[in-house]
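Reader: Hi, I have a model open and some quick things to ask. Can we go through it together?

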Amino acid sequence: IYFSDPDSGLYYIAPGTSEAKKVSTKVGRPNGVVLTLDEKALIVSDVGNQSLSKFELGSDGSVVDAPTAFGKTTGTTADGMCEDCAGNVYVGTQSGVEIFDATGKRLGAVPTGEASNCTFGGANRKTMFVTSRAVLKVVTMANPGLPD
């Protein structure tokens with residue numbers, strides 16, 4: 001299990017254990033995580049500097065604490081993330097949900113207004129649900145999302 005807390009760091013709970021271990025301090029304010037399609041890397045959003053970092057994973061799932069730059073949002077935040085079946089990464093920002101391809105190239109944005117988190121659902125997983133402070137938005141997408 002991987003999770004983040006913008007006030008305290010990036011964490012990992014290894015299989016068969018229940019202890020959360022802080023695995024990196026190299027992302028200022030980590031605020032979202034998503035695995036790459038091949039599950040060999042973890043993409044982490046940094047709400048403090050609107051950036052995305054990529055961490056390689058060891059064969060045991062552990063985080064290699066040597067991140068590389070993955071992308072930078074144009075919105076004033078980088079919050080929760082989700083991923084579609086093509087490997088595109090969706091990032092909630094102050095101005096909408098920004099989309100990056102599997103290499104970190106920014107493809108564009110879904111203009112939802114403020115977005116804090118996203119996930120895919122619905123019968124064909126082409127429905128993206130987007131949250132903000134007080135609103136749930138629903139957008140139909142071309143690519144289906146990955147299951148949670």
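Reader: Phe120 first. Buried or exposed?

Author: Phe120 is buried, with a relative accessible area of 3%. Buried means under 20% relative accessible area, exposed means over 50%, and partly exposed is in between (1.4 Å probe, protein chains only). A word on the source: this is a predicted model, where local features need pLDDT of at least 70 and side-chain atom pairs count only at pLDDT 80 or more, while totals for chains, interfaces and linings use all residues. Residues are numbered from 1 along each chain as its sequence is written, and side-chain values use heavy atoms, with hydrogens and water left out.

Reader: OK. How many aromatic pairs are there?

Author: The count is three aromatic pairs. The rule covers rings of Phe, Tyr and Trp (its six-membered ring) with centres within 6.5 Å; planes under 30 degrees apart are stacked, over 60 edge-to-face, and the rest tilted. Take Phe3 and Tyr11: the ring centres are 5.2 Å apart and the planes are at 15°, so this pair is stacked.

Reader: And how exposed are those two, Phe3 and Tyr11?

Author: Phe3 is partly exposed, at 32% relative accessible area. Tyr11 is buried, at 16%.

Reader: Back to Phe120. Which residue does Phe120 pair with?

Author: Tyr90 is the partner of Phe120 in an edge-to-face pair. Their centres are 5.3 Å apart, with 80° between the planes. Tyr90 sits in strand S9 (residues 89–92) and Phe120 in strand S12, so the pair links distant parts of the chain, 30 residues apart. Strands (E, at least two residues) and helices (H or I, at least four) are DSSP runs, numbered from the N terminus. Tyr90 counts as buried, at 3% relative accessibility.

Reader: New topic. How many salt bridges?

Author: Four salt bridges are counted. A salt bridge here is a side-chain nitrogen of Lys or Arg within 4 Å of a carboxyl oxygen of Asp or Glu.

Reader: What does Asp7 bridge to?

Author: Asp7 bridges to Arg29, with the closest N and O atoms 3.3 Å apart. The two lie in distant parts of the chain, 22 residues apart. Asp7 is in the loop between strand S1 (2–5) and strand S2 (9–12). Arg29 is in the loop between strand S3 (21–24) and strand S4 (30–35). Asp7 is exposed, at 67% relative accessibility, while Arg29 is partly exposed, at 36%.

Reader: Which residue pairs with Glu98?

Author: Glu98 forms a salt bridge with Arg106, and their closest N and O atoms are 2.9 Å apart. Glu98 is buried, at 1% relative accessibility. Arg106 is partly exposed, at 33%.

Reader: Where do Glu114 and Arg133 lie?

Author: Glu114 lies in the loop between strand S11 (106–110) and strand S12 (117–121). Arg133 lies in the loop between strand S13 (127–131) and strand S14 (136–140), so the pair ties together parts 19 residues apart in sequence. Their salt bridge has its closest N and O atoms 3.1 Å apart. Glu114 is partly exposed, at 24%, and Arg133 is exposed, at 74%.

Reader: Last one. What does Thr112 touch beyond its neighbours within four places in sequence?

Author: Thr112 is in contact with Ser95, Gly96, Val97, Val130, Lys137 and Val139, with those sequence neighbours left aside. Contact means heavy atoms within 4.5 Å. Thr112 is in the loop between S11 and S12 and is buried, at 15% relative accessibility.

Reader: How far apart are the C-alpha atoms of Thr112 and Val130?

Author: They are separated by 7.9 Å, while Thr112 and Val130 are 18 residues apart along the chain.
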